[in-house]
Amino acid sequence: MFSSAVKSLSSFSSNISTNYSVSQTPTAICGPWKVYDGKKRTGGKAVSVFVFERKSIEPPGSSITSRQSATSLKRAHDEVVERLRKEASSLARLRHPSILELQEPVEDTRNGGLMFATEPVTASLANVLEEKDSQEQAGGVGGRSSRFVVEDPEGGRRRREVEIDELEIQKGLLQIGKGLEFLHESAGLVHANLTPEAIFLNAKSDWKLSGLGFSTPTDQSPNGATPSLMLSEVLNYDARLPRSVQLDIDYASPDFIMDNNINFAADIFSLGLIVIALFNSPHKSPISTNYSVSTYKRILASPSTTPTQSNNYLSTRPIPKDIVASVLPRLITRRPAQRFSAREFQQAQYFDSILVSTIRFFDSLPAKTPAEKSQFMRGLPRILPQFPKSVLEKKVLPALLDETKDLELLSLTLQNVFKVVSMVPNSKRALSEKVLPTLRQIFAPPARSRGKTQSTERDSSREGGLMVVMENMATIAANCSGKEFKDDILPIVFLALESPTHTLQDAALHDLPVVVPVLDFSTIKNELFPAVAQVFSKTSSLAIKISGLEALSTLCGGNVTGPAAASTSGSAILDKYTIQEKVVPLLRVIKTKEPAVMMAALHVFQQVGKIADIEYIATDVLPCLWQFSLGPLLNLEQFQDYMTLIKALSSRIEQEQTRKLQNLSSSSRPGASTARTNGFATSNVDEETDFESLVSGKQPGANVSDGFESGWGDDTAATLSPVPVQRPRPQQQRSAAAAPQFSWSTPATTASLKPMQPQTRAAAVASQSSMASRTVTPDNTMSSYTTLSPQKPLQYTQPTPSQPAMNGGVDWSGAMTPATNTWSTPLQPQSGLGQQSIQPPSLSNLRVSAPTIPPPPQSNGSGFGATSRPANGLDFGQTQVAKQGMDKYESLL
């Protein structure tokens, strides 16, 4: 909420309350005045609003005993108000760099108070000394934070830094000396109440004179003006009034109190007491009178209580030797004629230092010639490191920014500006609040559409300053936010890219590694990249072409530096689509074959190869690389660099394509553990060995001597010679849970291969009727077999068509044991074939895939015939096969 004073201002129609927004709380209290921060509603110019409330001079709880006393008190109050009005009015008449600058004249408030507006001030010197006392009592400068809190008109609050060091004191005293010189010699006035309350520190840390309510001409005024100050009245302390509105005799000259004389030398004596207070502890005048004139006279009457060089001017702390030796003896002296004049004070040896001389040159810089300014700006960088950081930020930097209006010295001035920014501890605040607004004002581009050639000629001086900005882009990027950079600095970068000066374009392109981390992706893609691409495609300079390729490499993920480099380095700034559709086409149209351009393009392709798809690399990137690699100007090493990239990209394509095809193959094949093939359940683990055991009737790991089954014949035993086994590879795979079944064999359990009973076979037929099967058909005819007739007739269903037989062999050694079959019929071989019985299949409608069984080798004894048999079938001679209850029995085999 606003204070009561500000509320009264807002309710009272005035120029200040109408045109300015004022903070809610005062930033400082300086004597009878409360100082508020303000800002003009149009333009945002900062000011300080001084407000005086009439009720502040009324003693609290006082009661008027008589009408005469009330009239006297009212008259005293009116005199105070008029004196304060005079103080504000004097600022309007007296214009000098060392006197507080008035912005809005004094106005009356509704409750009888006053207010006026001045340049922004931080505090009075009295406030600073009180702050310094508090810091020293708390254990040094870092013992406690500053109690001066600034509240913006918008409601923001931040702590205001107030420092005072040796150089600040030298600079401030020198400025006060200049102000007194102006008052004495130009205005012909005596300040008459020069105290720390009458000195204000502005935003630049300059010391400004104010408190001119007691100012008056001298007794011997050359223009015949009579003094307006009645010493007999102002020296008497009035207990009814606050001390802040009365003359402070602790800083008064003996000329006033003891001689009743008004002269210019009285201000010099008061200045000497202020100098002592700056080094004293606490920071007060060595003369403490409690506003008593008699006490003042008694102190100066005794040599021991009078401030002199012999007693260190009554200071509790040491005073610098230069001040003690050459300044104070000419300030604190009883005789006015022995004191310095204001002009002589400025020429004291205490101010003879390079830093003070530099400050004094800054103050008189507008009056210097261009040659003197140029020489000063060139030598300033060597002196800047010697300045205190507070002086650099508050005094030197604002003075340099003021000189940027001189375009002839713009480049030299900006060099010093960026050097100061890099040295001060609050670089971000200094850049944001002071430097960026100045740069925006200097380099604000005219209203135009980017990309069109400007018809007006560029100012060479302005381009020189623009070059300095490009050279210090790292400092700017490190000390401003992304929004500030986009709004204030990016237009300056575009201005450099569009410049016809190649050095500016080259500098802007080389700044991309520090510019990119500060900007967001959308700004880079839609604003920065098109500007870079335009410069690259339209330039005729070889150096700019190379710099453009380096910039494209940065945008594709090349080396990036700056505050955000850790998050962007190694990753593409642009997206894949932009790189493939816009960056690579820029590279394809490169016409020059200069090796430097080719190698810069190679670096861009290296980044593209990390991002682009393999299809795009194969169809668009590699052909371009091959074309560039065959450039006639490339040497062997450069050609090998191209071949290294080509091989790396080709290897990447091969690896990714191979991996893709392997994934597709593995997804189309069945699982690695088991698979079902043509009704069989087989295992992938040593499947050939398992197959041999299955067809031979042996269990893995068991010694089984049975044949295929105990059913080949029970009348005739065949003696089989072992034959080499040709292990077939199954066309498909099934689970290993089910045992393989042949069309003519009896189904067996997985535990043992025992003869099955008819009812068991019928159950097996019913359980496997839906399974796909393949039959084995011998290559020769079945006419040599006799008719087969079962002992017990069985009913069969229509057999399924035959399937092609598979080539392969089987170990016949397991078939030598005779077996009995209930429905077998002896066979009569024609050419030495032994008598055997063949069991017809029990599965009539089952299609079972099984490898073909080759015939045994040629034998002279009883057994198979002496003639050779085909390898893919059984040759049983001219055996006749009957077709009882079956159609084409040979199809089942």
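A: A disulfide is a covalent bond between the sulfur atoms of two cysteines. To find one in a model, look for a pair of cysteine sulfur atoms within 2.5 Å. Here, that rule gives zero disulfides. This is a predicted model, where local features need pLDDT of at least 70 and side-chain atom pairs count only at pLDDT 80 or more, while totals for chains, interfaces and linings use all residues. Residues are numbered from 1 along each chain as its sequence is written, and side-chain values use heavy atoms, with hydrogens and water left out.

Q: Are cysteines such as Cys-30 and Cys-624 buried or exposed?

A: The words have cut-offs: buried is under 20% relative accessible area, exposed is over 50%, and partly exposed is in between (1.4 Å probe, protein chains only). Cys-30 has 4% relative accessibility, so it counts as buried. Cys-624 counts as buried too, at 3%.

Q: What about salt bridges: how many are there?

A: For a salt bridge, you look for a side-chain nitrogen of Lys or Arg within 4 Å of a carboxyl oxygen of Asp or Glu. That rule gives 28 salt bridges here. Take Lys-74 and Asp-78, whose side chains meet at 3.3 Å, N to O. They sit four residues apart in helix H3 (residues 67-93), so about one helical turn separates them. Asp-78 is partly exposed, at 28% relative accessible area.

Q: Where do H-numbers like that come from?

A: Helices (H or I, at least four residues) and strands (E, at least two) are DSSP runs, numbered from the N terminus. This protein has 30 helices and 13 strands.

Q: Which parts does the salt bridge between Arg-588 and Asp-620 tie together?

A: First the bridge itself: the two side chains of Arg-588 and Asp-620 meet at 2.7 Å, N to O. Arg-588 belongs to helix H25 (residues 576-588) and Asp-620 to helix H27 (residues 614-629), so the pair ties together parts 32 residues apart in sequence. Both ends are partly exposed: Arg-588 has a relative accessible area of 35%, and Asp-620 has 23%.

Q: Where does helix H19 bend?

A: The bend at a residue is the angle between axes fitted to the seven residues ending there and the seven starting there. Helix H19 (residues 482-497) bends by about 45 degrees at Ile-489, and the proline Pro-491 follows within four residues.

Q: At what angle do helices H12 and H13 pack?

A: Axes are lines fitted to C-alpha atoms, for helices over the stretch in contact, and angles run from 0 to 180 degrees between N-to-C directions. Helix H12 (residues 354-363) and helix H13 (residues 370-383) pack at about 145 degrees, and their axes are 12 Å apart. On the H12 side, the contact is made by Ile-354, Leu-355, Thr-358, Phe-361 and Phe-362, and on the H13 side by Glu-372, Phe-376, Leu-380 and Ile-383.

Q: Can we finish with single residues?

A: Start with Thr-216, in the loop between strand S11 (207-209) and helix H6 (231-234). Thr-216 has a relative accessible area of 0%, so it is buried. Not counting residues up to four places away in sequence, its contacts include Gly-188, Pro-227 and Ile-262. Now Leu-180, in helix H5 (residues 166-187): at 0% relative accessibility, it is buried. Leaving aside neighbours within four places, Leu-180 touches Leu-194, Leu-209, Asp-267, Leu-271 and Ala-342. In the protein as a whole, buried residues make up 50% of the 893 residues.

Key
Contact means heavy atoms within 4.5 Å.
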